[in-house]
Amino acid sequence: MTAANDLLSADLTMGTVMLKVGDMKVMSNYYQKALGLDIVAEADGGQYLGRGSTPLVHLQPAGGLHLPGRGEAGLFHTALLFNDQASLAATVATAAQYSPQAFAGSADHLVSEAFYFTDPEGNGIELYWDRPRDAWSWKNGEVEMDTLALSPQHYLQQHLTEESVATQRQSAADIGHVHLQVGDVKTAEQFYVDTLGFEKTSGFHGQALFVSAGGYHHHMAMNVWNSRGAGPRKDTLGLGEVLIQLPGTDDVGSLHERLTHHGIPVANTGAEITFNDPWNNQIRVSVDAGRLTK
C-alpha cells in the first residue's frame, strides 16, 4: 500500500502520446481521416494532432527505425475518451469506413464501452466512452470490469446521428488512458504503484494491471499478453513517450524526489521531468498548463 503522501495527485490527467513513425504521410492521413483529428501544432518535422486546441497524439518522424517485434515491450494502445456515445459512434464510423481491416474488436467493460483499431504502423488505438462514475462497482478496493460482447453495428444504429457526424471534429476528446506491453506484472506494480504513486484499481490473473489517480478506473495499464518476459526496449518505431500532467510544480517536485529516492534516473528541466520505466518506456511529467504543447 502506497502512503497517502506518496500518491500522485487526484487531479492527474494523461497528456499527449508521442509515436515514432516511419511514414508521416500515411500515419497523419490515418489520424486525420479515420479518427477525425486535426493538426493543432507542428514542430521539428512532427505533428500534434487533436481536437480543438487539445493535442492528443504527437507523430514524430523516425524513418531510420524498424517496427518492434510482437513480443517486445512498448505500446498496447492509446485510448481516446469521448464525452458521449454519439461522439464515440461518429469516430467509430469514420474509422471503420476509412480502414475496415484496422478494426480489432469491441467490448463492454462495465465502466466503459470500447472499440479497438490498429493504425497503419501497428499501434493499438482504443476509442471509448465512460459510464458515469456512480454506475461503477467497486469490490475490495478494486473496480469491477469485464469484457462483454458489444456489437458495433447495433451500437452505430443506436447512437450514430447526423449531428454527431457533422460536428465530429468539433466534439471534444482526451487521452483517457495509455495501456503498455511489459515483461512482467509484478515489476510493473513495483514501479507504477510503489514508486510512481498510482493506485492499483484492478488486476487480471497476474496478466494485467490497471492503475489510476483519484479513483478513475485506470489512467494506465500494463499487460503481458504479447510480451511476457520482455526485457528493456530497443529504439524502434512505435511508442516514443507518454505524457502525464500534474496540477502544480510541487507535485512534479515531490515525484522527482520520490523517484530519486528509489534510484530512478531522472532528467529535470525545472518545468518537467523525464524518466524511463523498467522496459525503457519513456515517461514525461509536466505541469498541466492548459494542455499546451511542449
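**A loop residue, strands and spaces**

Me: Which residues does Leu 65 touch, not counting residues up to four places away in sequence?

Reply: Contact is taken to mean heavy atoms within 4.5 Å. With residues up to four places away in sequence not counted, Leu 65 touches Lys 20, Asp 235, Thr 236 and Leu 237.

Me: What kind of model is this?

Reply: Residues are numbered from 1 along each chain as its sequence is written, and side-chain values use heavy atoms, with hydrogens and water left out. Local features need pLDDT of at least 70, side-chain atom pairs count only at pLDDT 80 or more, and totals for chains, interfaces and linings use all residues, the model being predicted.

Me: Where does Leu 65 lie, and what is its relative accessible area?

Reply: Leu 65 lies in the loop between strand S4 (54-61) and S5; strands (E, at least two residues) and helices (H or I, at least four) are DSSP runs numbered from the N terminus. A residue is buried under 20% relative accessible area, exposed over 50% and partly exposed in between, for a 1.4 Å probe and protein chains only. Leu 65 is partly exposed because its relative accessible area is 23%.

Me: Which residue of S15 stands opposite Leu 19?

Reply: Strand S1 (residues 13-21) has 7 of its 9 residues buried, so S1 is largely enclosed by the rest of the structure. Two strands pair if DSSP finds at least two bridges between them; S1 and S15 do so in the antiparallel sense over 6 bridges. The residue of S15 opposite Leu 19 is Leu 239.

Me: In what sense do S1 and S4 pair?

Reply: Met 18 stands opposite His 58 in S4. S1 and S4 are joined over 5 bridges, and their pairing is parallel.

Me: Which residues line the largest cavity?

Reply: On a 1 Å grid over the protein atoms alone, a cavity is a set of points where a 1.4 Å probe fits but cannot get out, whereas a pocket is an open set with protein on both sides within 12 Å along at least five of seven lines; lining residues have an atom within 4 Å of a point. The structure holds 1 cavity of 30 Å³ or more. The lining of the largest cavity consists of Val 17, Leu 19, Tyr 31, Val 57, Leu 75, Thr 78, Leu 80, Asn 123, Gly 124 and Ile 125.

Me: Which element supplies the largest share of the lining of the largest cavity?

Reply: The elements giving two or more residues to this lining are S1, S5 and S8. By class, the lining has 7 nonpolar, 3 polar and no charged residues, where Ala, Val, Leu, Ile, Met, Phe, Trp, Tyr, Cys and Pro count as nonpolar, Asp, Glu, Lys and Arg as charged, and the others, Gly among them, as polar. The largest share, 3 residues, comes from S5.

Me: How much space lies in the largest pocket?

Reply: The largest pocket is lined by 48 residues, and Phe 76, His 77, Tyr 116, His 179 and Trp 225 lie nearest its centre. Its lining comprises 18 nonpolar, 22 polar and 8 charged residues. Grid points are joined across faces, edges and corners, and a volume is the space filled by probe spheres set on the points. For the largest pocket that space is about 1000 Å³.

Me: Which strands stand at the edges of the open sheet of 8 strands?

Reply: The sheet has mixed pairing and the order S6-S7-S8-S5-S11-S14-S13-S12. Each edge strand has a single partner strand, so one side of each is left without a neighbour in the sheet; these strands are S6 and S12.

Me: What angle does the direction of helix H2 make with that of S7?

Reply: S7 and S8 pair in the antiparallel sense over 7 bridges, and in S8 the bridge partner of Ala 114 is Tyr 128. Helix H2 (residues 85-98) packs on the sheet, touching S5, S7 and S8. Axes are lines fitted to C-alpha atoms, for helices over the stretch in contact, and angles run from 0 to 180 degrees between N-to-C directions. The angle between H2 and S7 is about 20 degrees.

Me: Which residue in the turn between S17 and S18 has a positive phi?

Reply: Strand S17 (residues 272-276) is mostly covered, with 4 of its 5 residues buried. S17 and strand S18 (residues 282-287) pair in the antiparallel sense over 5 bridges, with Thr 274 opposite Arg 284. They form a hairpin with 5 residues between them, and the turn residue with a positive phi, of about 65 degrees, is Asn 280.
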